[in-house]
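Colleague: Hi! Could you walk me through this model?
Modeller: Happy to, let's look together.

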Amino acid sequence: MFEVLDRQLEKLAMLWSIEEGLAGLYQLFENVNHYAFLSLPEKYSIVYTLLRELLFEELAILEEFTDPHLTTKMREVGVSDFLLILNNPRSWDLNARPIYSLRLTSKGQEFMDMYPNKLKQVEERRKRF
């Protein structure tokens, strides 16, 4: 799939979405939903793969909340636990409890700052879709 897609651009799109604020993990699919040629499993695979990279590279932090308004944070999910959460389809559901969201790290912000031209592409793409 990444033969057809610009991996770095998609990674930046996810980081940009995180910076803008997510109500839950499922919202990350908005970054790839405009690719009509991809099947749902392919879209999930892209989001899952890139999200793992973002977490392993410490560009983002997975957080667990009690409510969909993200007002009461229960914990930051550590590296040892986040694969269990990502592998559970219920964790992606916006109606499930707890709800999981993401926070950009300073390292993630630095990564975004390294690619201003690609970020402009992400912003332009967002306006179109």
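**Loops and a helix**

Modeller: Leu70 sits in the loop between strand 1 and strand 2 (73-76); helices (H or I, at least four residues) and strands (E, at least two) are DSSP runs, numbered from the N terminus. This is a predicted model, where local features need pLDDT of at least 70, side-chain atom pairs count only at pLDDT 80 or more, and totals for chains, interfaces and linings use all residues. Residues are numbered from 1 along each chain as its sequence is written, and side-chain values use heavy atoms, leaving out hydrogens and water.

Colleague: What is phi of Leu70 near?
Modeller: Phi is near 55° for Leu70, a positive value in a residue other than glycine. Leu70 is also partly exposed, at 24% relative accessibility. Buried means under 20% relative accessible area, exposed over 50%, and partly exposed in between (1.4 Å probe, protein chains only).

Colleague: And what about phi of Glu58?
Modeller: Glu58 has a positive phi of about 60°, although Glu58 is not a glycine. You'll find Glu58 in the loop between helix 2 (40-56) and strand 1 (60-65).

Colleague: New topic: which residues does the cis peptide bond join?
Modeller: Arg97 and Pro98, with omega about 0°. Pro98 lies in the loop between helix 3 (79-86) and strand 3 (99-104).

Colleague: Which residues of helix 4 are buried?
Modeller: Gly108, Phe111 and Met112. Seen down the axis of helix 4, the buried residues fall within an arc of 100° , so they line one face of the helix; the arc is that of the directions from the helix axis to the C-beta atoms.

Colleague: Which exposed residues are on the face turned away from that buried side?
Modeller: Ser106, Glu110 and Asp113 are the exposed residues there on helix 4.
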